[in-house]
Amino acid sequence: MLTILVMDDEPAPRELFVEFLKAIFDDPVRILEASNPKEAHELLADVHTSDIGCIIADVQQRPFFKDWEFIDALLAKGEIPKAKIVAISALAQILDKEASTRGVVLLGKPLTFNEFQAAVRLACLWPNKPSA
């Protein structure tokens, strides 16, 4: 079953993203919710890499780089392609360099359902094989 992880420290946006995901997919999707990188790592430990559709992570700027450290750790393992990670931030213009150096998709808040849907569909359709 396709698994999607949603990580956001604020419950309201996290719940909204979950509702968006339920509206996007016709087939059943396993949605995992985490409020921080530690919870996200714990949840992903029980998921086979090939089942991960995408990871949606709210990211912030310094000194809150724990979100980017989480993304960097996922990329360093080489198990999850960078195209499967969708970073979302209210500071997208400031964080564009952080996202582009990692090759992940960055969406700015506020965002529309259509923007969210396009990014998630692209990420979930991306092959599970990491790019070189």
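**Entry 1: L5.** I began with L5 and listed its contacts (heavy atoms within 4.5 Å). Leaving aside neighbours within four places in sequence, L5 is in contact with L32, A34, A40, L43, L44, C54, I55, I56 and F70. I note that this is a predicted model, where local features need pLDDT of at least 70, side-chain atom pairs count only at pLDDT 80 or more, and totals for chains, interfaces and linings use all residues. Residues are numbered from 1 along each chain as its sequence is written, and side-chain values use heavy atoms, with hydrogens and water left out.

**Entry 2: the cores.** I then looked up nonpolar cores, meaning sets of buried Ala, Val, Leu, Ile, Met, Phe, Trp, Tyr and Cys residues joined through side-chain atoms within 4.5 Å. Buried is under 20% relative accessible area, exposed is over 50%, and partly exposed lies in between (1.4 Å probe, protein chains only). Which members of the largest core touch the most other members? They are L5, I55, W68, F70 and I71, out of 21 residues. At least two residues each come from β1 (3–7), β2 (30–34), α2 (37–44), β3 (52–58), α3 (66–77), β4 (85–89) and α4 (92–102). Helices (H or I, at least four residues) and strands (E, at least two) are DSSP runs, numbered from the N terminus. α3 gives the largest share, four residues. Another core lies apart from this one; I found 19 residues in it, including V6, F20, L21 and V86. In soluble globular proteins, nonpolar side chains tend to be buried together.

**Entry 3: β3.** I checked how well β3 is covered. Seven of its seven residues are buried. Next I looked at pairing, which needs at least two DSSP bridges between two strands. β3 pairs with β1 in the parallel sense over five bridges. There, T3 has I52 of β3 as its bridge partner. β3 also pairs with β4, again parallel, over four bridges. I55 has I85 of β4 as its bridge partner.

**Entry 4: α5 and A119.** A119 sits in helix α5 (residues 113–125). Is A119 buried or exposed? It is buried, with a relative accessible area of 9%. Not counting residues up to four places away in sequence, A119 touches V86, V105 and L107. I also computed A119 to A83: 36 residues apart in sequence, 9.6 Å apart in space, C-alpha to C-alpha. The buried residues of α5 are F116, Q117, A119, V120, A123 and C124. Their cover includes β1, α1 (11–24), β3, β4 and β5 (105–108). Last, I checked the span of α5. The expected value is 1.5 Å times one less than the number of residues. For the 13 residues of α5 that gives 18 Å, and the end C-alpha atoms are 18 Å apart, which agrees.
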